[in-house]
Amino acid sequence: MRHRAGSTTRHPWGDGSVDRVNGRELQKCAAARARELPASTLEFPFGPDFDVFKVRGKMFMFHAKVEGEPQVILKALPSDSMSLRAAHADITPGYHMNKQHWISLHPGGTLTAEMVDELVTESYRLVVAGLPKGQQPVE
């Protein structure tokens with residue numbers, strides 16, 4: 001697991017310890033992972049307050065501040081979305097998006113940096129899978 005600098009809190013879980021992401025660290029963690037993905041771009045189509053990450057022109061993640069709380073909004077399979085929301089109070093239906101296909105991540109709960117990385121990667125993969133074969137980035 002990668003450990004990121006910033007406002008994370010170390011807590012014992014199971015057989016080791018993990019970093020839980022808090023506040024702005026959630027968005028920083030997600031953005032760092034998104035920048036590592038092939039053909040990922042950062043755009044601002046909704047203005048300077050909304051970081052939108054795309055692959056080949058298709059959005060797979062964006063950041064929003066909702067009532068002062070930084071959130072990360074990601075694409076997810078409907079079945080995964082339901083399971084994630086049932087298991088984590090800090091995962092809710094996607095803010096301003098299709099509630100079946102998008103989820104919002106909230107800071108300060110049980111989300112770890114590793115989980116955020118995995119959810120960003122899965123959102124990216126879902127969008128890439130929907131692209132024509134010739135546009136899919138090679139990994």
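Here is a walk through this predicted model, starting with its sheet and ending with a few individual residues.

Six strands make it up, in the order 3-4-5-6-8-7, and it is an open sheet with antiparallel pairing. Strand 3 and strand 7 sit at the edges with a single partner strand each, so one side of each has no neighbour in the sheet. On average, neighbouring strands are turned by 25° against each other, ignoring direction. Val 55, for example, has Lys 58 in strand 5 as its bridge partner.

Helix 1 lies across strand 3, strand 4, strand 5, strand 6 and strand 8, and runs at about 165° to strand 5. Helix 2, residues 78-87, lies across strand 7 and strand 8, at about 130° to strand 7.

What about the nonpolar residues? In soluble globular proteins, nonpolar side chains tend to be buried together. Here the largest nonpolar core has 27 residues, and Phe 60, Met 61, Leu 74, Leu 105, Val 116 and Val 120 are the ones that touch the most other members. Two or more residues come from each of helix 1, strand 4, strand 5, strand 6, strand 8 and helix 3. Helix 3 gives the largest share, seven residues. Apart from this core lies another one of seven residues, including Val 52, Ala 64, Val 66 and Ile 73.

On to the charged pairs: the whole structure has two salt bridges. One joins the side chains of Arg 33 and Glu 36, at 2.8 Å from N to O. Both residues belong to helix 1 (residues 25-36), and because they are three residues apart there, about one helical turn separates them. Arg 33 counts as buried at 16% relative accessibility, while Glu 36 counts as partly exposed at 42%.

The other salt bridge links the side chains of Lys 54 and Glu 43, at 3.2 Å from N to O. Lys 54 is in strand 4 and Glu 43 is in strand 3, so this pair ties together parts that are 11 residues apart in sequence. Lys 54 is buried, with a relative accessible area of 16%, and Glu 43 is partly exposed, at 30%.

Two loop residues are worth a stop. His 106 sits in the loop between strand 8 and helix 3, and at 14% relative accessibility it counts as buried. Its side chain makes a polar contact of 2.7 Å with the side chain of Thr 92. Leaving out residues up to four places away in sequence, His 106 touches Leu 26, Glu 69, Gln 71, Asp 90, Ile 91, Thr 92 and Leu 111.

Then there's Gly 94, in the loop between strand 7 (91-93) and strand 8 (102-105). Is Gly 94 buried or exposed? Its relative accessibility is 0%, so it counts as buried. Beyond its neighbours within four places in sequence, Gly 94 is in contact with Ile 73, Lys 99, Trp 102, Ile 103 and Ser 104. Ile 73 is also one of the residues of the seven-residue core. As for Val 72, its C-alpha atom is 8.8 Å from that of Gly 94, with the two residues 22 apart along the chain.

Note on methods
Residues numbered from 1 in each chain as written. Predicted model: local features only at pLDDT ≥ 70, side-chain atom pairs only at ≥ 80, totals over all residues. Heavy atoms only, no water. Salt bridge = Lys/Arg side-chain N within 4 Å of Asp/Glu carboxyl O. Helix = DSSP H or I, 4+ residues; strand = E, 2+ residues; numbered from the N terminus. Buried < 20%, exposed > 50% of the residue type's maximum accessible area, 1.4 Å probe, protein only. Contact = heavy atoms within 4.5 Å. Core = buried A, V, L, I, M, F, W, Y, C linked by side-chain atoms within 4.5 Å. Polar contact = N/O pair within 3.5 Å; in protein donor to acceptor, adjacent residues only side chain to side chain. Pairing = 2+ DSSP bridges. Axes fitted to C-alpha atoms, helices over the stretch in contact; angles between N-to-C directions.
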